[in-house]
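Hello,

Here is the structure I promised to pass on to you. Have a look at it first, and then read my notes below.

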Amino acid sequence: MQIEIPVKIQNDLILKAARGQETGRTPVWLMRQAGRILPEYRKVRKSVSGFKELVQTPELACEVTLQPVDILGVDAAIIFSDILVIPEAMGLPYQLIENKGPFFEKTIKGLDDIDSLKIANPKEDLHYVLEAIRLTKTELDGKVPLIGFAGAPWTIFCYMLEGSGSKTFSKARKFLYTQHELAHQLLQKITDSTIAYLQAQFEAGADIVQLFDSWAGVLSPQLYKEFSLRYISQICDSIKNQHSANSIQRPVIVFAKGAYFSLKELGKLNCDVIGLDWNMDISESRKLIGETKTLQGNLDPAVLYADFQTIKNETKKMLNNFGPKQHIANLGHGVYPDTDVERVKCFIETIKEYEF
Ligand code: 1CP
């Protein structure tokens, strides 16, 4: 058997920052950096029948993953995929309707639906993501780290119940109150699938992973603890157990959008980095989370609609508020698709040139 020797990463600032080490300057990447902001992405997207073909073709997923590294100069690549590959791998296929968003023909209504779901087997059901990761690692050749990701169980649960995006996710929240036990059964199945999936991403070559809890903010603090944090905590513990068993670094970022009410609890997770959105006050968040974790974020993505001087000023203000250590710069949520690429570059350059 051929033993692969891992390629040394040349720019490992994000990994150093995640470990709390000195970085010299603040590293930066953007949530949703691979995608519609880039004309190069839109060109590849036009050449295929739809979003899913792009996600399921490793050569193309690799190509669009690399685009922001080359074009924007970010300090990490994030594998081009979607959080919705997990419901599909468990038995609920999704479609992406042009200009509308995700749509699931089958949704979860009760016990029979939950029983019929399987625990995802990444090597079989998600081989295309793992292949895209392997290919991207080869193509990156150690230039920057590769970020893997998954949705947090609560956010995946939302799509499984609702069948699409929603402003309130009221069907999903109703289920928590009316089908308490079943909700836990489903969340446990999603959690088991996600643990297997993230471990497989690390084995395929991901250097760090992020859990997206995009709809954390629709829950009350009490429900958030019971139905989201409990499962995020299982995922972090399981990855970190593997981490110590294999003595290889497996850093984890948790981004819970809107969970400002749970920052203290988030600070207790067995993870390395906590993502902040732009509603969260930076120094207040640092106090609640404590000193041990690195923070990520958190410029309002709408700042990138402003003139260049405003972008520079707001970015510098953000950098100063976080300070020179234990910070990975990012937006407070995904970059909006109609953002001007030159303004995104201005944000990135301001961070890379900033001296404390
Ligand atoms: O080309 C297109 O028109 C498709 C738009 C698109 C893209 C570019 C979708 C559909 N997904 C993606 C890629 C994607 N999704 C990435 C790529 C890597 C990168 O960040 O560069 C990532 C990390 C995601 C993660 C994702 N998908 C999240 C979590 C992050 C967040 O924004 O909160 C969520 C909630 C989804 C679901 C989803 N997939 C696509 C859309 C439009 C949505 C949101 C639907 C909704 O509003 O409910």
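Strand β7 (residues 273-275) is joined to β8 by 3 bridges, and the two run parallel. Please keep in mind that this is a predicted model.

Let me stay with this pair for a moment. Within β8, Q296 is the bridge partner of G275. Helix α14 (residues 282-289) belongs here too: together with β7 and β8 it makes a right-handed β-α-β unit.

On to the next strand. β8 also pairs with strand β9 (residues 327-331), in the parallel sense and over 5 bridges. One of the partners to look for is L331 in β9, which is bridged to L299. Here again there is a right-handed β-α-β unit, made by β8, helix α15 (residues 308-322) and β9.

How many of the residues of β8 are buried? The count is 6 of the 6 residues in this strand (residues 294-299), so β8 is largely enclosed by the rest of the structure.

Now for a helix. α11 covers residues 180-204, which makes 25 residues. From its first C-alpha to its last it reaches 36 Å, close to the 36 Å expected at 1.5 Å a residue. Of those 25 residues, 18 are buried, so α11 is largely enclosed by the rest of the structure. If you follow the chain past the helix, you come to G205, which has a positive phi, near 130°.

I hope you enjoy exploring it!

Best wishes

Key. Residues are numbered from 1 along each chain as its sequence is written. This is a predicted model: local features need pLDDT of at least 70, side-chain atom pairs count only at pLDDT 80 or more; totals for chains, interfaces and linings use all residues. Side-chain values use heavy atoms; hydrogens and water are left out. Helices (H or I, at least four residues) and strands (E, at least two) are DSSP runs, numbered from the N terminus. The expected span of a helix is 1.5 Å times one less than its number of residues. Buried means under 20% relative accessible area, exposed over 50%, partly exposed in between (1.4 Å probe, protein chains only). Two strands pair if DSSP finds at least two bridges between them. A crossover is right-handed if, with the strands pointing away from the viewer, the path from the first strand over the helix to the second runs clockwise.
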